Structure formats: C-alpha cells, structure tokens
Amino acid sequence: ERKKRVLSGVQPTGALHLGNYLGAIRQWTRNQDQYDNFFVVVDLHAITVPHDRKVLADCTLQTVALYIACGIDPAKSQIFIQSHVKAHAELTWLLNCSTPVGWLHRMIQYKEKAIKQGENVSVGLFDYPVLMAADVLLYQPDLVPVGEDQRQHIELARDIARRYNDMYSKKKRPRTFREPKTLMQTTGARVMSLEDGTNKMSKSAENDHSRINLTDDEATIKRKIKKCKTDSFEGLGFDNPERPECNNLLSIYQLVTNKTKEEVIEECQEMRWGTFKPLLTDALVDHMSPIRARYNELLEDKAYLRSVLKAGYERASEEAEQTLQNVKKDMGF
Ligand code: ADP
Ligand code: NA
C-alpha cells in the first residue's frame, strides 16, 4: 500500500528561526516513518525579492544542514534543492496558463511584500504562489505541513489543481493532480516577533533581536530574551488579546518544554517577568543546543551533505518528471 506523502520547504533567505522550527520543521520530523517525505529548499523562491548571490549559495547548504540537525532523517526523507529539479520551473509555466490572474491578486503575502517594494516588485514575486503550487503538485503529496502564513498559498495550490483537473483530466482516474491538505499545529502555527507580539517572527525583519535563530548561541539567546518586549500586567497568562507578547512567550515556552497549556498555566501564572525570562532562556538553550551542535558538525562535512542531496535529487526528479510528463500529455505536447 502507498504510504501517505508529505511535502514542505523553506526559503534559503537567511538563518532559520524559531518560527520556522516550531511552525514547520518540527512537525516534519514527527511520524517520518509513517510517511513518504519530501523536504525541499526552495531557492527559486528566494530570488523573488532582491538577493545576494553569496548569501543564497551559503544559505542553501546551511538550510540543508539545519533540516538534518532538527531531526529530518535522510534515510526516511528526501532532502533536495528546488532549482536542481527542472520540472519546478517548467510546471510553473504550464500552470501559469491555466491560473486566472485574479486569484494571484488576492494573495495577502504578495500585497504585503509588494507594498514594501513599490515599483521594483518583480513578476516573480507576483507568480510566487504558482511556483509554490508547482512545488507541491509535482510530488502528489497528501499533506503539506506549514505555518499559518502559508495557509492561503496551499489553498490556492488546491484551487489550481482542481481547475487544471477540470480542464484537462476530468475523465482520467486518478486525475493528474492530487489535492493536498494543509497540516497545521494549534500552538506554534504563528510564532510572533520578540519586538512586538503582533507581527510574525520572520527572516526578513531588519532587527535581528526580533527573532531567535536556530544558530544563536547561549549568550545571544539570553540577550534576546532579556531585551524582548513585555508588559506591566500582574501575573502571566495565555490568550489575553491585550497581551500578545505574553501569549507568544508562554506558547514558545510550552512548545520547547513539551508541556501542556495547563501545566504552563499552573507553573507560571503567578510569575513576574523577572522570574519567567530566565526560565524561558534555559528552556530554549536546553532544547536548541543539541540542534546547534549537530548543525556545526554537519557543516564540516560538506561531502555528506552533498551525498544526501544527490539521493534526494534522484528520487525527487523521478517523481516530478512523471507528473510533468502526464501534464504535457494532457495539454497536447
Ligand atoms: P520566512 O517567512 O521566515 O521567510 P519561509 O517563508 O521560508 O519563512 O517559511 C518556511 C516555513 O516556516 C513555512 O511553513 C512557514 O509557514 C513557516 N513559518 C515562517 N514563519 C513562521 C512563524 N513566525 N511562525 C510559524 N511558522 C512560520
Ligand atoms: Na513565510
């Protein structure tokens, strides 16, 4: 019987942070045995905004090392680089031609990023969601584990698949594209910035103190938590709309300690920030030190990383090519 398939990815645009880890990568590491897994580093997405070629190259390999350091096991999961598999770019063009432009105009992330860039916004940034649909649909996954900010893009990928299937493979069984489901956590799907509790933690925010990177050492984590924004309410608690920072920090604590919400409330409700911050710092350091140590080891072994990528590429390109050939046949090529 076919194992269920999982696919997801991260852009190599900077150091991965706690939001990428808690919202996405940690979910990928769970149940790896149960699924057939594809984890891609989406470098073609990284060039939709102005980029530095050196950062792109370094960051791509660092992201691969971080995937493994976070617990992705190359024996159970395919790890590969998007630009190595040519079918991503090719399917994007084919899907561009069956996707209404109005669907892309509705994408929130595009609107947010485009506002910041004014007239220099690229066609690639606008087309990003179609490239992402191609990334997903090429591998026929059942599940796509992502953070909240990607929900709209996965829904679009489903819409693109359905429209294509209706246009080109109505009578075919199975239809050319499988419509995947989004897999999202209840806590951690949206880790917020440490500067304010209202924007998501992100690689692109200018202030490095707004995020905890997976590569931060103990002293850096300590400094960032010490500086992070809090409030002057009495006690600590979840879900108070007037206390987004508090909710965010307690959620991070809950996730890295693997405690339940009730346990965290019980432990922390009477605390002051001066007691909670060192507790959170220790929990983060305990959880993340092994990841950072493994990451540093892996970066020393580029030959191993390349061998992982080669195996990932072989399997990924085989799967992707099969879907692409079906599409080309459907469309009359
Ligand atoms: P970024 O937005 O930091 O550039 P990516 O766009 O590469 O990250 O996203 C990689 C994965 O990490 C996606 O599944 C995305 O939903 C998830 N993710 C990104 N930021 C956060 C966050 N602050 N909280 C939870 N998940 C996040
Ligand atoms: Na994102």
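At what angle do the axes of helix H4 (residues 87–96) and helix H7 (residues 123–137) cross? In this predicted model, local features need pLDDT of at least 70 and side-chain atom pairs count only at pLDDT 80 or more, whereas totals for chains, interfaces and linings use all residues. Residues are numbered from 1 along each chain as its sequence is written, and chains are lettered from A and ligands numbered from 1 in the order in which they are written.

The axes of H4 and H7 cross at roughly 120° and come within 8 Å. Here, axes are lines fitted to C-alpha atoms, for helices over the stretch in contact, with angles from 0 to 180 degrees between N-to-C directions; helices are DSSP runs (H or I, at least four residues) numbered from the N terminus. The two helices are therefore oblique to each other, a term for angles that are not under 35 degrees (roughly parallel), over 145 (roughly antiparallel) or 65 to 115 (roughly perpendicular). His88, Leu91, Thr92, Leu95 and Asn96 of H4 make the contact with Asp127, Val130, Leu131, Ala133, Ala134 and Asp135 of H7, where contact requires C-beta atoms, placed from the backbone, within 7 Å. Six nonpolar, three polar and two charged residues form this contact. Nonpolar denotes Ala, Val, Leu, Ile, Met, Phe, Trp, Tyr, Cys and Pro, charged denotes Asp, Glu, Lys and Arg, and polar the others, Gly among them.

An automatic or database domain assignment divides the protein into domain 1 (5–184 + 302–331) and domain 2 (208–296). Their centres, taken over C-alpha atoms, are 30 Å apart. Each domain contributes 10 residues to the contact. On the side of domain 1 that touches domain 2, helices H1 (18–29) and H3 (53–69) each supply at least two residues. That side comprises nine nonpolar residues, one polar and no charged.

Note on methods: Two residues are in contact if their C-beta atoms, placed from the backbone, lie within 7 Å.
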